[in-house]
Every structure is written in structure tokens, then in C-alpha cells.
Amino acid sequence: MPVEESSDHLDVSGASVTAPEEGVGEESVVFHENFYGDGDLGQCNNKAYGHVSATMGAWTPKIRIDTDGRSGGCYQQFGITDPASTLRTLKVEVNFYANGDGGQCNNPGLRTIPISSDAVQWSSRYRIDTDDRSGGCYQVFKVSGRDDIGLDVEFLPDGDGGQCGLSGTKTATSTNQAKFLIDTDGRSGGCTQRFRLRHL
């Protein structure tokens with residue numbers, strides 16, 4: 001299902017940025033995530049908004065997905081800044097779609113994560129609202145155009161592991177996708193997630 005590529009802007013002042021791994025070049029490249037809620041903020045890191053970032057080779061701070069029967073859900077969107085244009089030809093995408101009741105996965109579809117040279121440009125957002133309805137939301141990350149760049153995604157449970165399907169740490173490359181299933185509901189705990197863009 002196609003998704004519009006226009007950005008959904010939100011006040012993201014006070015971003016948290018982590019430092020790169022020692023010895024990793026291209027420190028000017030930054031991977032950005034925006035994660036925020038529109039109801040009970042306990043489902044989305046207890047924040048109305050949350051912009052976290054990390055330079056090339058470093059992990060972003062963890063966000064926590066715990067959507068359940070409480071009101072509202074969590075929005076998520078991404079961007080990459082590359083002032084020196086070191087990532088020429090790279091394309092990073094995320095696909096978001098339902099496995100079960102589609103009302104849990106708002107604005108589904110494949111979207112490209114923008115790579116900008118100055119201010120961050122955001123991918124179109126999607127909304128996670130998994131609860132006790134059947135199924136959950138698939139999240140699939142893809143990389144193309146470069147064989148030397150990968151996107152690591154860590155997706156781990158901190159309670160009932162059945163809420164975080166296909167969990168673990170996976171790397172999206174030009175030959176492999178990183179696929180996860182978000183199925184948080186009334187069970188204990190939720191799913192933590194973080195990202196790292198790096199050279200392979």
C-alpha cells in the first residue's frame with residue numbers, strides 16, 4: 001500500500017544524541033528517530049514526543065513500546081542527516097503493516113527514510129496501537145544501493161516475550177531484511193528498540 005512521503009513535523013527540541021564508536025569515521029552522519037504518544041504516554045516512554053539520535057556507528061538511546069488497552073498509541077518516524085554526502089546512493093526503507101486486525105497499525109505501507117544534507121527531514125509517520133485485538137504490526141527495515149552500510153535494529157522484550165515477535169538484534173543490508181512483529185497488549189512488560197547505522 002503506497003504511503004505519502006511528505007513529512008509530519010513535530011517539535012523535537014531537546015534531542016538526545018549518543019557518541020560514535022571509537023575509530024568509526026563519518027561522524028557527521030546521524031540517524032534520527034522520533035517516537036511519541038497521543039494518549040496514555042506510559043505506552044510510549046512516558047513522553048509526548050521524543051527525538052533520539054546517534055552518529056554513525058553508535059546506538060540510539062532505547063525507546064520502549066508498550067501499547068495495550070490504554071487510550072492512544074505511539075507514532076514513529078525516522079530521518080538521516082549526512083552533511084558531507086558520504087552516503088551517496090544509499091536507500092533505507094521501513095515497511096509497516098498489519099498481521100491481524102489492521103486497526104492496530106495506522107498508516108501502513110512502505111516508506112523511504114529521507115537522507116538530508118542539513119536539517120533532518122522525517123519519513124511519513126505510522127502509528128502503533130497494538131492491544132488485545134488479534135495479531136499485531138510487522139516492521140521491516142530494508143537497505144539498498146550500498147553493500148558496505150548496514151542498519152542494526154535491536155528489538156527485545158522486557159516482560160512477556162510473546163509481545164515482541166521475531167525479537168533479537170538483526171542487521172538490514174543490501175541482501176537481508178530486518179523483520180519484527182510488535183504485538184504488545186495487556187501482558188506484562190513491553191518491547192525495547194534501538195538503532196545503529198554503520199559500516200559493514
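**View 1. Strands β12 and β16 lie side by side, joined by 9 bridges.** Strand β12 covers residues 149-157 and strand β16 covers residues 191-199, and the two run antiparallel. Strands here are DSSP runs (E, at least two residues), numbered from the N terminus, and two strands pair if DSSP finds at least two bridges between them. For a landmark, look for Phe155, which stands opposite Gln193 in β16. A word on what you are looking at: this is a predicted model, where local features need pLDDT of at least 70 and side-chain atom pairs count only at pLDDT 80 or more, while totals for chains, interfaces and linings use all residues. Residues are numbered from 1 along each chain as its sequence is written, and side-chain values use heavy atoms, with hydrogens and water left out.

**View 2. The open sheet has 4 strands in the order β4-β16-β12-β14.** Pairing in this sheet is antiparallel. Strands β4 (63-65) and β14 (168-172) stand at the edges with a single partner strand each, so one side of each has no neighbour in the sheet. From one strand to the next, the twist averages 25°; such angles run from 0 to 180 degrees between N-to-C directions, using axes that are lines fitted to C-alpha atoms.

**View 3. Tyr36 and Tyr75 form a stacked aromatic pair.** Their ring centres are 5.1 Å apart, with 25° between the planes. Rings of Phe, Tyr and Trp (its six-membered ring) pair if their centres lie within 6.5 Å; planes under 30 degrees apart count as stacked, over 60 as edge-to-face and the rest as tilted. Tyr36 belongs to strand β2 (residues 30-37) and Tyr75 to strand β5 (residues 74-81), so the pair links distant parts of the chain, 39 residues apart. Tyr36 is buried, at 5% relative accessible area, and Tyr75 is buried too, at 14%. Buried means under 20% relative accessible area, exposed over 50%, and partly exposed in between (1.4 Å probe, protein chains only).

**View 4. Phe31, Phe78, Phe141 and Phe195 make up a cluster linked by ring pairs.** The count of aromatic pairs comes to 9.

**View 5. Two lysines lie over ring faces: Lys170 over Phe180 and Lys179 over Tyr138.** Lys170 is 5.0 Å from the ring centre of Phe180, and Lys179 is 4.5 Å from that of Tyr138. A charge sits over a ring if NZ of Lys or CZ of Arg is within 6 Å of the ring centre and within 35 degrees of the ring normal.
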